[in-house]
Amino acid sequence: MRRIARTRILLIAAVILAIGLAGSWCAFAQSPKAAPAAEKPAASGTPAAENLTRAPDAANPAINTKDIVNRLNQELGIDLQATIAGWQQALDQVESDLGREGLRYSDLNQYRDELLRVRSQAADVAGRLQPRLDAGKAQMKLLGPAPAAGQPPEPEQAAIARAELNYHFGLLLAGQAAANSANLRIDNLLNTVQEVRRKNFASALLQPIPGVYSYQTWAKVPQDVPVAVGKAHDLVANWWNTLLDPESLEHLAIGALLGALALSLLSARLVRRLHRRQDTAGPPFWQRASVAAVVLVLRALPVVGPVVFLYAMVSSIEALPERVDWLFYLTAQSIVIVFTVGALASVVFAPGAARWRLVPISDAAAARLCGLVILLALVYSLTTLLYVITRLVQAPFALTIAVALPSSLLLAGLVVALLRTPIERGSDTAPPKLLKPIRIAVWAIVGAIVVCALTGYLALARFLAQQLVVTGSILAVVYLLLLWVDGFTQGLSDDGTVVGAWLPKTAGLEPARREHLALPINLSLKFVVLILAVPFIMLQWGYAWPDIREWYWQLFFGLHIGNTEVTFGALLASIIVFGVGYAAARLFQGWLDAQVLQPAGISGGVRNSIRTGVGYVGILIAALVAVSYAGFNLSSIAIVAGALSVGIGFGLQNLVNNFVSGLILLVERPIRVGDLVVVGGEEGYVRKISVRSTEIETFDRANVLVPNSYFTAEKVKNWTFRNSVRRVALPIGVAYGSDPHQVRAALLNVAKENPDVLTTPEPFVMLDDFAATSINFTLYAYVGDITKAGGVRTELAMAILGAFKEAGIVIPFGQPDATQLKLDWLRDMIGAAHPAERHAGNGSRASANNGKAPAAESLTR
């Protein structure tokens, strides 16, 4: 509290200082020299109370301050000074009450609501003051500075207008300073309320209950139960006896019952129709998820709808007492929880329809888990209802203990049964990665519940059990919603879904484009699910809706960190603005190409350069607009650019080099989309010139990405830089003895007969070489379309073969020469080395080999 008092003193001093500065600034606007303190108007900080007509002089002309204040109040529609005084009084009262001991939750909620009311008023006043402050500044700027000392005074009417404007502007500044001061003080008081609530919450949870195992406590339970039941009966009976028209409520109850029966019959019929499927393999996941969402609504609606309708009608027709209202509300809540959880469990685990099951588990595990989850919801709802009824009827404390202790242990036992359920999956299905840590955490919480319940900390045990059940249920629902999001995005690329069939018909999106579109949609929907789930979890941990709403408002529409305002909503909106601008730039690109450039007859390369440049400009404009919409000052980008220049000088120079080279390629256009180029040993067609690299498609249909800087720093062969004409060279050899003039005429005739060969430049024949076996000629012909060069070369070659055959011109072909080697010298040398063997074997070998030499025979072998 001392910190709050000090903060209050500082804020009041700041307000007084701001008002004093406003009055000084007004006096300074009238005269360039500082006026004495006694002559400053509104220097005391209460200009509205001043009702004087000042003595006219050159520096301070006579003005009626009361009229100025009245005009300002009429413009604003409120009494400014009275409103500010009311704020201060309300804040003083709240600050004084927060210093008391034993504050209850209802008191803290009342203080919080009062602070939020004052904040709303302060925001409303600040919103009314701001446009008038802007208008006042513009009028002062238009009026100009006051005459300096020694200069002739301005006309009296102008001096009076200046003085009235200065006083009016001072009042506006004082009101704005008071609104800002009130907001700062409200923030401190809200933090104090939250701190007191946390202390009370912690003290209530950590307070042990005496007499948990006392005989006197449990001996009184059989006597207290009839008393509590009688009090509850009397509570409802007294309310029923005070009703003016009980028959209308009876009619409402009968109508709700009939509506439940009709909805049940309709729901059963629709569920059977949805599950009717003849495929043996089972439906895909997206269909299981979508059908599960519909079945969940159909199974829960027959009970939830009539119960909610009945409670709402009863509350609106009759003014329910507070305790009766709580009793009916908790009864309706228990019914809604049980039937909703039952429908959810039957949809997720699907014990009787395995092919519609959302989780990959066995039939036995599905049936066990479904039954335990429904039983857990039933026990939790009944015990919560009984516990609250004991509080509403002010039952004896022993009965409260008799409800809290067994219910905590029973809930813990059911959770243990869930954890010990054997889950059998298929061999190809792996358990989720987070399953083991979640099981460990749940086991730890169950152990804490049992220990707290047995040691007497029943409030903490019940709180842990409640959070385990409710928070776990919320997280399970969130997980199922994430699964449904996955199923929905999977269905985008399937033509069997409604959205999947609508996208190609309406937007013309192919399956590949739809798969790329599914990722951002999936992430966006999951982000929305998580954002919406956080408030429900915070509610279970002691936070109130107004606090959560205030935090979300600050997160999305203004979170002040120091002097910087971080607005998540503005950031999200800036992303949307950039996305819309990017889409608009792409649409304008397509319209420009289809409606302007192409009808104008501009070539493809020029069209691509213009289209790409327009796209860059559109993206740049969208980025600037998005940055400005997010609240960033564009003048501060120079600082960021200076910091980035250091990084560019070290590590980003290659990236910037490629980017600048890409711009040079688009402007200078040494290569264009569709050109046939040879670069870095790769030959192919240019398909795309992007920011960093250029895509080349080779003849093998391989895509090669070449950095843009390579085209500006290295040699590049562009076959289609000026035109698409290409020369075809076809070498051919003829046999010696052929008439070269006849050969030349035949080759030229073949070239001229081909329709794809150009006449200008005309084809020609060169005699290149007198080879060993042939006279080599080369036919040169020009083709107007480079893409036909290969086909024309093949046609010319085939036509030349036919023309040479008709003219009797022979094309030589290589023949291998066989040379017989004489080996008499080798035989004589062997005979001289072994004369005895030669004489000994002459007879027999001569007769056997018909006179052949043995050496020759061995060589022959």
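Is lysine 526 buried, partly exposed or exposed? Lysine 526 comes out as partly exposed, because its relative accessibility is 23%. Keep in mind that this is a predicted model.

**Salt bridges**

- A search through the whole structure turns up 13 salt bridges. As background, side chains of opposite charge can pair when their charged atoms come close.
- Lysine 526 is in one of them: its side chain meets that of aspartate 486, at 3.0 Å from N to O. Aspartate 486 sits in helix H14 (residues 458-490) and lysine 526 in helix H16 (residues 511-540), so this pair ties together parts that are 40 residues apart in sequence.
- Aspartate 124 and arginine 128 also form a salt bridge, at 3.1 Å from N to O. The two are 4 residues apart in helix H4 (residues 105-143), so about one helical turn separates them. In general, an α-helix has 3.6 residues a turn, so residues three or four places apart point the same way.
- Both ends of that pair are partly exposed: aspartate 124 has a relative accessible area of 38%, and arginine 128 has a relative accessibility of 28%.
- Aspartate 363 and arginine 357 meet in another salt bridge, at 2.9 Å from N to O. Here aspartate 363 is partly exposed at 45%, whereas arginine 357 is buried at 4%.

**Strands around S10**

- Strand S10 (residues 775-783) has 8 of its 9 residues buried, so the rest of the structure largely encloses it.
- On one side, strand S8 (residues 726-734) runs antiparallel to S10 and is joined to it by 9 bridges. Within that pairing, glycine 733 has asparagine 776 as its bridge partner.
- Strand S9 (residues 764-770) is antiparallel to S10 too, over 6 bridges. Phenylalanine 770 stands opposite isoleucine 775, and the two strands make a hairpin with 4 residues between them.

- Most residues other than glycine have a negative phi, and most peptide bonds are trans. A few spots here go the other way.
- Threonine 760 and proline 761 are joined by a cis peptide bond, with omega at about -5°. Proline 761 belongs to the loop between helix H23 (740-753) and S9.
- Alanine 350 has a positive phi, near 45°. You'll find alanine 350 in the loop between H10 and helix H11 (363-392), and it is buried at 8% relative accessible area.
- Arginine 701 has a positive phi as well, about 65°. Its loop runs between strand S5 (693-698) and strand S6 (703-707), and arginine 701 is exposed, at 62%.

**A helix that checks out**

- Helix H10 (residues 322-349) has 28 residues, which at 1.5 Å a residue should span 40 Å; its end C-alpha atoms are 40 Å apart, so the two agree.

**Surface patch and cysteines**

- Val656, Phe659, Val660, Leu663 and Ile664 make a nonpolar surface patch of about 340 Å². Phenylalanine 659 lies in helix H21 (residues 653-668) and is partly exposed, at 36% relative accessibility.
- How many disulfides does the whole structure have? The search finds 0. As for individual cysteines, cysteine 370 is buried at 7% relative accessibility, and cysteine 452 is buried at 12%.

Notes. Residues numbered from 1 in each chain as written. Predicted model: local features only at pLDDT ≥ 70, side-chain atom pairs only at ≥ 80, totals over all residues. Heavy atoms only, no water. Patch = residues over 30% accessible without salt bridge, like charges linked within 9 Å, V, L, I, M, F, W, Y side chains within 5 Å. Areas by Shrake-Rupley, 256 points an atom, 1.4 Å probe, with all protein chains shown as cover. Salt bridge = Lys/Arg side-chain N within 4 Å of Asp/Glu carboxyl O. Buried < 20%, exposed > 50% of the residue type's maximum accessible area, 1.4 Å probe, protein only. Disulfide = S-S within 2.5 Å. Expected span 1.5 Å × (residues − 1). Pairing = 2+ DSSP bridges.
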